[in-house]
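Here is a short briefing on one protein chain. Keep the sequence and the 3D view open as you read.

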Amino acid sequence: MTLSLYHNAISTCSQKVRLVLAQKGIAFESQEVDLIGGGQHHAEYVKLNPNHVVPTIVHEGNVLIESTLINEYLDDAFPNPPMRAADPVVRHAGRMITKLLDQKVHPATGVVTFAIGPRSMLLQQPEEIREANINAIPDPARRATRRSVIENGVKAPEFAGALRAMLGLLDEAEASLASAAWLGGERFGIADAAVLPYVLRLDHLAITPAIEARPKLADWYGRVQALPAYEPAVTQWLAPPIVEMFRNNGQAVWADVEPITNDS
Ligand SMILES: N[C@@H](CCC(=O)N[C@@H](CS)C(=O)NCC(=O)O)C(=O)O
């Protein structure tokens with residue numbers, strides 16, 4: 001086995017890399033990192049990924065980080081089937097989407113997720129463990145935001161703006177899907193693999209009506225879930241109790257969340 005993937009079952013960035021691995025039929029050795037337990041901060045892992053995050057791949061001795069760049073690397077190293085359009089303009093449109101995710105939507109997703117999904121579980125951890133894991137986040141701004149959303153949930157000042165950023169992605173996707181079947185162009189590509197985890201996360205957090213309100217996106221979401229790559233890349237890794245906890249926690253705060261979904 002020449003490719004190892006350091007990842008986490010439910011992490012968005014891990015899902016997007018697993019989707020590309022599955023679509024290309026690339027076998028990998030799985031190294032799961034426990035993000036709730038702080039595995040991303042262990043000294044051995046930080047040697048591979050100095051940003052204390054997943055995913056990381058090690059391919060033929062080369063250590064590669066950053067999920068978007070990993071997916072582009074996989075498309076270069078394993079060109080079949082190609083997952084970026086040949087047409088430079090369509091390829092540019094796909095990269096605009098992955099850039100939007102990396103710059104804006106992914107950080108926002110961390111805020112929305114931790115304000116709702118695992119919050120109940122984190123609040124039950126002994127405070128010294130929770131604090132140690134927060135304090136190990138290298139970036140001071142991310143550290144402060146993480147503490148704020150765990151403490152205040154959807155009432156945190158960061159929450160509404162973060163959710164609006166995620167809803168903005170849904171609007172971008174809805175607009176793109178008016179002119180092409182897939183975000184990557186003619187077929188499922190890197191841009192589709194990159195967007196899926198964020199739509200799935202909203203669904204897991206019971207913000208499903210925001211997906212259903214956008215018909216082209218809802219249709220695309222169903223088509224991605226029907227792909228043969230979806231089961232091995234996504235479903236197989238999802239722990240039903242965790243998904244249930246995310247959904248229950250989402251339903252519990254829906255009254256606060258729904259107005260934001262209506263005003264975006
Ligand atoms: N820009 C990075 C972001 C990676 C990232 O934020 N990963 C999350 C999971 S999706 C993580 O490992 N979080 C650990 C933590 O926040 O403590 C990438 O695309 O690889």
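How do strand E3 and strand E4 run, and how many bridges join them? The two strands run antiparallel, and 4 bridges hold residues 56–59 to residues 62–65. This is a predicted model. The protein chain contains 14 helices and 4 strands.

**Overall build**
- The C-alpha trace spans about 50 × 45 × 30 Å along its principal axes.
- A compact globule of 264 residues would have a radius of gyration near 18 Å, and the chain agrees because its own value is 18 Å.
- Buried residues make up 38% of the 264 residues.
- Take the contacts with a separation of 6 or more: 75% of them link residues 24 or more positions apart.

**The hairpin of E3 and E4**
- His59 stands opposite Asn62 in E4.
- The hairpin has 2 residues between the strands, and Glu60 takes a positive phi near 50° there.
- Val54 and Pro55 are joined by a cis peptide bond, with omega about 5°.
- Glu66 sits in the loop between E4 and H3.
- Glu66 is not a glycine, yet its phi is positive, about 75°.

- In soluble globular proteins, nonpolar side chains tend to be buried together.
- The largest nonpolar core here has 60 residues, and Val112, Met166 and Val195 have the most contacts inside it.
- Among the elements that each supply at least two residues of this core are strand E1 (3–7), helix H1 (12–24), helix H4 (88–116) and helix H8 (159–176).
- Helix H9 gives the largest share of this core, 10 residues.
- Both domain 1 (3–77) and domain 2 (88–263) contribute at least three residues to this core.
- Beyond its neighbours within four places in sequence, Met166 is in contact with Val105, Ala108, Thr109, Val112, Tyr198 and Leu202.

- Which residues of H11 are buried? They are Leu217, Trp220, Tyr221 and Val224.
- Seen down the axis of H11, these buried residues fall within an arc of 105°, so they line one face of the helix.
- An α-helix has 3.6 residues a turn, so residues three or four places apart point the same way.
- On the other side of H11, Pro215, Asp219 and Gly222 are exposed.
- The cover over the buried residues of H11 includes H8, H9, helix H10 (208–212) and H12.

**Two domains**
- The chain is divided into domain 1 (3–77) and domain 2 (88–263).
- Their centres, taken over C-alpha atoms, are 19 Å apart.
- Where they meet, 20 residues of domain 1 are in contact with 26 residues of domain 2.
- On the domain 1 side, H1 and H3 each supply at least two of the touching residues.
- H1 gives the most to that side, with 9 residues.

**Other backbone exceptions**
- Most residues other than glycine have a negative phi, and most peptide bonds are trans.
- Asn80 and Pro81 are joined by a cis peptide bond, with omega about -10°.
- Pro81 is in the loop between H3 and H4.
- Ala206 is not a glycine, but its phi is positive, about 65°.
- Ala206 lies in the loop between H9 and H10.
- Ala206 is partly exposed, with 19 other C-beta atoms within 10 Å.

Technical notes
Residues numbered from 1 in each chain as written. Predicted model: local features only at pLDDT ≥ 70, side-chain atom pairs only at ≥ 80, totals over all residues. Rg over C-alpha atoms; globule rule 2.2 N^0.38 Å. Buried ≥ 20, exposed ≤ 12 C-beta atoms within 10 Å, placed from the backbone. Contact = placed C-beta atoms within 7 Å. Pairing = 2+ DSSP bridges. Core = buried A, V, L, I, M, F, W, Y, C linked by C-beta atoms within 7 Å. Domains from an automatic or database assignment. Arc of directions from axis to C-beta.
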